Amino acid sequence: MDARRNITALLGPTNTGKTHHAVERMLGHPSGMIGLPLRLLAREVYDRVVDRAGQMSVALVTGEEKLIPPAPRYWVCTVEAMPNDIPVSFMAIDEIQLAADSERGHVFTDRLLHSRGLNETILLGAATIRPMLEHLLDGVNYVSRPRFSKLTFAGQKKITRLPKRTAIVGFSASMVYAVAELIRRQRGGAAVVLGALSPRTRNAQVELYQSGDVDHIVATDAIGMGLNMDVDHVAFAATRKFDGFQFRNLTAAEMGQIAGRAGRYMNDGTFGLTADAVSIDPETIEQLEDHRFEPLRVLQWRNRNLNFASVDRLLGSLNALPNREGLTRTRPGADIETLTLIARDPEVIDRATARDSVELLWETCQLPDYRNITGSEHANLVATIFRYVADTGRIDTQWFARQLAYCDNTNGDIDTLSNRIAHVRTWTFVANRQDWLDDPGHWQELTRAMEDRLSDALHERLTQRFIDRRTSVLMKRLREREELMSSVDQEGAVLVEGEYAGRIEGLRFIAEPAGGDHSKVLISAALQTVTETLTGRAQSVVAAPDPDFSLDAAGNIIWKSHAVGRLAGSENLLKPRVETLADEQVAAADREAVQMRLSKFVSRHIAGLLAPLVSLSEAEDITGIARGVAFQIAEAVGVLPREQVAGEVKSLGQDERAVLRKHGVRFGAFHIFVPTILKPAPTALRLLLWALHDAEKRGLDASALPAAMPQQGLTSVPFDKSTPRGFYQVVGFRVCGERAVRVDMLERLGDMIRTRVFWRAQREGEERPDGSVEGGGFTVVPDMMSLVGCSGDEFSSILKSLGFSAQKRKAPDKPVPEEPAAGPSAGATAATAAETPAETTTAAEAPEAVGAVETAPAETAPNAAVECKPADTPVAETVDAVPTGDAAPTESSEPDAAVEEDAKSAEPEMIEVWWPKDTGPFRHQRQHAGGRSKSAKGNSGKPDRNRHKKPGSGKKPSGQRPAAPRREKPMDPNSPFAVLGQLKQGLTKK
């Protein structure tokens, strides 16, 4: 039979059963060969033929894999690896339209023109190649096969909205990885298929999809070359790709080849766009749906009659032009570029002189660049292999073993393992050359085993990265309608088939945050168990005693470390609303019972910590104006500035005040407050109730509250201006200048100031307290500062905020107490002192006895001979008078040098005296201070100008009587004046 006349062109779109028909025809012949476009597809067809004819009857030949039994009947090959010297009864070439491909087309064109079966030849492909077949071949029998199912455009959808059984197509590894990662997060996972995967990895990934473990597969355009899977929808993640030279738009025929994978056999399919794919025009959509594309006009061609006389002649023959219309010389491929590069190497040229060596060089240049490294690096590898084979006939075994050792490592990420597999594929290609290595069978087994290990590791990494294993198992069992078992452990974790689905906290089920279909599956499977558990917990809450509950700072009611309710604001600050935190799985009756139980706990909790406030708001014995004051105290949560209710407090009678004090109210100079609720626990509760109440009435944001209250034990803290208005008052502090002071400490400070600012002796001999100044006012003493925990300008700002102002005055003179003389009379002692005025000792010069005098009160020990001033005259303004008495003998009136030195007077010292303003909290005391305040400050509150005049000069203040002279006291015998008097008497006697 004439093989040239027995050629059939089986043409049609995808899903027409062309490949299946060719395989069946081949198995009907005693021998046959089929060429396929991809290694992956070749492996798929090989497995199918082995199932029918047996492993010993089928050979697999690809670039990097050769499984050839002793006497095979059928050959399954990639188109590039098809042997040219094996006669077979049947010959088939799949996807023949790839003869127009710029990179691989010349190989398909060569097989189209020259590969024939002895009895039958079938060319499989798209109808677009028919015009070229009619032009190049004679006597071809054309058979068109219609598509089994309908293909429809479904528009553009987000990746997360793509239907199940969808294949998403990208045109780079990075794009495929990105899409698969997104699907894993949103839909549970996807299988991944790339052309660079080994058959073992590819088959394992496809099995995940085919078995239903995942519902999506992400692949490159390799999916369009006959990879048969159950795909219902094909989504293009892009409509442009890099073809090795430039980025370009996909042709309609290329898109049709890929979209045709949807709708296998009799099931209709759809195609569409997703991700960042640019929309396609209606004309292209119509072409895809009707499978009508522009016919091919030219095929790629390269000369197969090569001249191996020399390297130059070989290059010349490779660049020969076709002599038939419709063929065009293909662009130089990687093999020609490699030959061009190593032809410049003198060591290579010196070895490639004979025909056999030139042919060996060309065979070496056929080594594919699986690693996608630079042209020069690949050329160096090819040159090294050529030198080994040309010199010794074999590649050095130790060198080859070292190259393999670099790849024998299953650790690393996806990219690392993919790179190692690419290297192994290179060495597998070398090992499958029977005459390049010693014992090639050993190296073939070794490289195949290494590729399998790396492929398994790569599959594992792909699965770990792009597939949620829990999802795949659950989805598969759900599709098989198996019942999923769920349980709740003691910690509240909810498990579905041993997989963690979420946790129960209090009376709520918290699902695992991961999204996608698997969450719905887990929740639906766990709901029955969760409902039973929540019902039991609700009953436990109702029966729990009060100590089992607590209230946190956010207002959550805690039971067994989890919130079961929370407080919300209401009209009554002391009676907040209680909201139950429970899922809808808790029955309405149980929810109501839980709310009643929590409300009772909250009421008792507030009544326990804030009993005085509750008593003030509910007491029946508080009536009239006192009732209004009590209400305002409760509204202020126990701390009320006095100025806000000054009028009401002034109107209160003593009986009404007594009633309020019975309920714990204290009337201070600055605040009316309840001291017992200023402790940390009641204060925290008051702050919470105030925040909830203000959130209800004035929209206070509870999150604006400080993270913590002022630390326990502090009497004042720096004023933080970022706190909400009213915060410090609620926690028991008052903002005073730069500080916030605790109100009870502020009242103690007020009490201390009150005893000093208008001090009068209540009994004879009473000492003036530290800080009290004669004539009115006070100076700051350490005890005052220690109460509020600050000093300096900060303490001054507190005093100013309380209504005090500072003024400078002369420091009062140091009083010198008198002591009765042991020998001479008191009068003689006074006379002696009068004759020696320079003996008055300054503070710096005085001995220890003088130091004791400094600490004595200013009014308790004046000298008996000092001129008396009115009681209201400030000590700082008083002019010291020289004491008078009996004169001492003149012959002993010469003082020594030490006495004269002690008699020097010190410069007057100025002190800062604080005085209440008319608007301060002590103004009522100032107004009732009598002649003391008027003589010191005048009727207008300013210092009296007459107080600087000498006694008896000028006019007397109207209505003021002259003060009576003070009664003299006996001199202290231990005073310096008594000692000096005795010394003078002793000198006089001599």
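I looked up the largest nonpolar core first: it has 64 residues, and L616, I633 and L660 have the most contacts inside it. Core here means buried Ala, Val, Leu, Ile, Met, Phe, Trp, Tyr and Cys joined through side-chain atoms within 4.5 Å, with buried being under 20% relative accessible area (1.4 Å probe, protein chains only). Helix α24 (residues 680-697) gives this core its largest share, 7 residues.

A note on the source: this is a predicted model, where local features need pLDDT of at least 70, side-chain atom pairs count only at pLDDT 80 or more, and totals for chains, interfaces and linings use all residues. Residues are numbered from 1 along each chain as its sequence is written, and side-chain values use heavy atoms, without hydrogens and water.

Next I checked L660, which touches L616, I622, A626, V629, A630, L652, V665 and F667, leaving out residues up to four places away in sequence (contact is heavy atoms within 4.5 Å). Another core, of 63 residues, lies apart from the one above; F400 and L404 are among its members.

Helices are DSSP runs of H or I, at least four residues. From α14, F400 and L404 take part in the contact, and from α16, W443 is one of the residues involved.

Conventions: Helix = DSSP H or I, 4+ residues; strand = E, 2+ residues; numbered from the N terminus. Buried < 20%, exposed > 50% of the residue type's maximum accessible area, 1.4 Å probe, protein only.
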